[in-house]
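Here's a quick briefing to read alongside the model. Take a look at the structure first, then we'll go through it.

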Amino acid sequence: MDAALKFLTAKARTVREMEDHLDSLNYGEYEVYQVVERLKELDYLNDEKYAGDFVASRLASKPLSRRKLQEQLYTHKLPKECIEAALAGVTSETEAANALQVAEKFARQFETLSPEEQKNRTMRRLVGRGFAYDASRAALEAVFGSAEGLESCIGGEDDED
């Protein structure tokens, strides 16, 4: 229990992260199970809360796509049900608003470039953050007035950045 509580001191953890940590310290299966169950009872381990807090925190600090959030949650070894529940609040409207924020940010950063290059680089950043093509295109149309000329950047991921 002491090792588990020490591991929780730095930040919240998922059940699987805790199990893996205790396994790495060579505790037996029964001991790990008992400690994890006790931590759940005390609400120190709660995957649903962790996933919900994670999504809220990420969306408050950096606009990301639903897909990118899903990838990040999977890296924390959360059950699929917890991930889906946490992402239920990330609607297509949220996704569109986030894509627009990202597009506006990068349009400002690339304003010294030609309009076509500005659009291409902004589009690549949107796709890199996991936004779907349609949401990315809509954001570019809102920022630049049109999304013409994007055909060159769809397959142009290998272009210089």
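Is arginine 121 buried or exposed? Arginine 121 is buried, with a relative accessible area of 15% (buried means under 20%, exposed over 50%, partly exposed in between, using a 1.4 Å probe and protein chains only). Keep in mind that this is a predicted model, where local features need pLDDT of at least 70, side-chain atom pairs count only at pLDDT 80 or more, and totals for chains, interfaces and linings use all residues. Residues are numbered from 1 along each chain as its sequence is written, and side-chain values use heavy atoms, leaving out hydrogens and water.

**Confidence**
- The average pLDDT (the predictor's confidence in each residue, from 0 to 100) is 86, and 90% of the residues score at least 70.

**Salt bridges**
- The whole structure has ten salt bridges (a side-chain nitrogen of Lys or Arg within 4 Å of a carboxyl oxygen of Asp or Glu).
- Glutamate 117 pairs with arginine 121, the closest N and O atoms being 2.7 Å apart.
- Glutamate 117 also meets arginine 124 in a salt bridge, at 3.9 Å from N to O.
- Glutamate 117 is partly exposed at 25% relative accessible area, whereas arginine 124 is buried at 9%.
- Elsewhere, glutamate 71 bridges to arginine 67, with the closest N and O atoms 3.8 Å apart.
- Both of these are partly exposed: glutamate 71 has a relative accessible area of 37% and arginine 67 has 44%.

**Tyrosine 133**
- Tyrosine 133 is partly exposed, with a relative accessible area of 33%.
- The C-alpha atoms of tyrosine 133 and methionine 123 are 8.6 Å apart, and the two sit ten residues apart along the chain.
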